[in-house]
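Please open the structure in your viewer and keep the selection tool at hand. The stops below say what to select next and what is there.

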Amino acid sequence: AIVAKILDIKATQPNNCMAQAFEQSYYDSLPKDKRKRLLACCSSGIANPESCMGCYAMKPEDYDDFYPFFIKALSQYHKIDFTDKKHGVSNWSLAGVEGIPESGILDLSDFDLPVVSMRVRAGRNLNKYPLPGAMKKRDRVDMEKDMRNVFDELIANPAYGGKYVSITPGHECFIDRAEYKEYVDAHIIFKDMSTDPFLVSAGI
């Protein structure tokens with residue numbers, strides 16, 4: 001029934017990368033345990049047919065174990081053929097780019113522009129834990145404890161400073177909803193992800 005639903009989504013939702021990457025012949029070729037794992041990766045796109053990505057790896061090895069599936073889904077999502085080995089060669093040199101200072105350094109002050117703030121999102125994980133979709137509550141609590149040790153070192157470094165806040169109830173650095181909202185409005189902390197049906201369906 002689940003496979004039939006995926007195939008129906010494949011026929012009706014061309015932007016659902018999960019469904020478009022799903023091939024029944026590939027699924028049927030997998031042993032029973034891997035079929036179950038692949039369907040777990042597809043859960044978000046099954047529950048939300050209008051989803052764009054629709055699939056999330058549960059463990060790092062999913063990318064290897066289900067390579068034919070993920071490479072196709074990621075190629076559609078990023079609009080790049082990842083099977084093309086020429087892809088991925090980047091040149092970050094600013095030499096010769098029109099409008100860039102002779103120093104080759106892109107310093108906003110050279111353009112009489114004020115200092116700006118930017119946020120860089122980086123999604124990473126620790127080897128000792130599964131990816132978010134397969135994490136249990138204990139995993140999340142323990143991972144926060146592990147990362148807290150890293151953040152404490154950065155905070156103690158005068159070059160960084162800052163403070164650590166937590167949205168985990170009972171945590172010594174727990175912040176109330178008012179302070180949490182301030183950080184969300186300032187784009188410092190993520191919004192409540194429990195309101196995102198795509199992430200909830202994926203177990204994230």
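**A tour by selection**

Begin with His-187, which is exposed at a relative accessible area of 54%, where exposed means over 50%, buried under 20% and partly exposed in between, with a 1.4 Å probe and protein chains only. This is a predicted model, in which local features need pLDDT of at least 70 and side-chain atom pairs count only at pLDDT 80 or more, whereas totals for chains, interfaces and linings use all residues. Residues are numbered from 1 along each chain as its sequence is written, and side-chain values use heavy atoms, with hydrogens and water left out.

His-187 is found in the loop between helix 8 and helix 9, helices being DSSP runs of H or I with at least four residues, numbered from the N terminus. Its phi is near 60°, a positive value in a residue other than glycine. In the loop between helix 8 and helix 9 (197-201), select Phe-190 as well, which counts as partly exposed at 48% relative accessibility. A C-alpha to C-alpha distance from Phe-190 to Asp-8 comes to 34 Å, across 182 residues of sequence.

Next, select Lys-79 in the loop between helix 6 and helix 7, a residue that is not a glycine and yet has a positive phi of about 55°. Lys-79 is exposed, with a relative accessible area of 74%.

Move on to His-171, in the loop between helix 7 (137-156) and helix 8 (177-185). Is His-171 buried or exposed? His-171 is buried, at a relative accessible area of 19%. Leaving aside residues up to four places away in sequence, His-171 touches Glu-144, Arg-148, Tyr-164 and Ser-166, contact meaning heavy atoms within 4.5 Å.

Now display helix 1 (residues 2-12) with helix 4 (residues 32-47), whose axes come within 11 Å and cross at roughly 50°; axes are lines fitted to C-alpha atoms over the stretch in contact, with angles from 0 to 180 degrees between N-to-C directions. That makes helix 1 oblique to helix 4, since angles under 35 degrees count as roughly parallel, over 145 as roughly antiparallel, 65 to 115 as roughly perpendicular and the rest as oblique. To see where they meet, select Ile-2, Lys-5, Ile-6 and Ile-9 in helix 1 together with Leu-39, Gly-45 and Ile-46 in helix 4.

How values were computed: Helix = DSSP H or I, 4+ residues; strand = E, 2+ residues; numbered from the N terminus.
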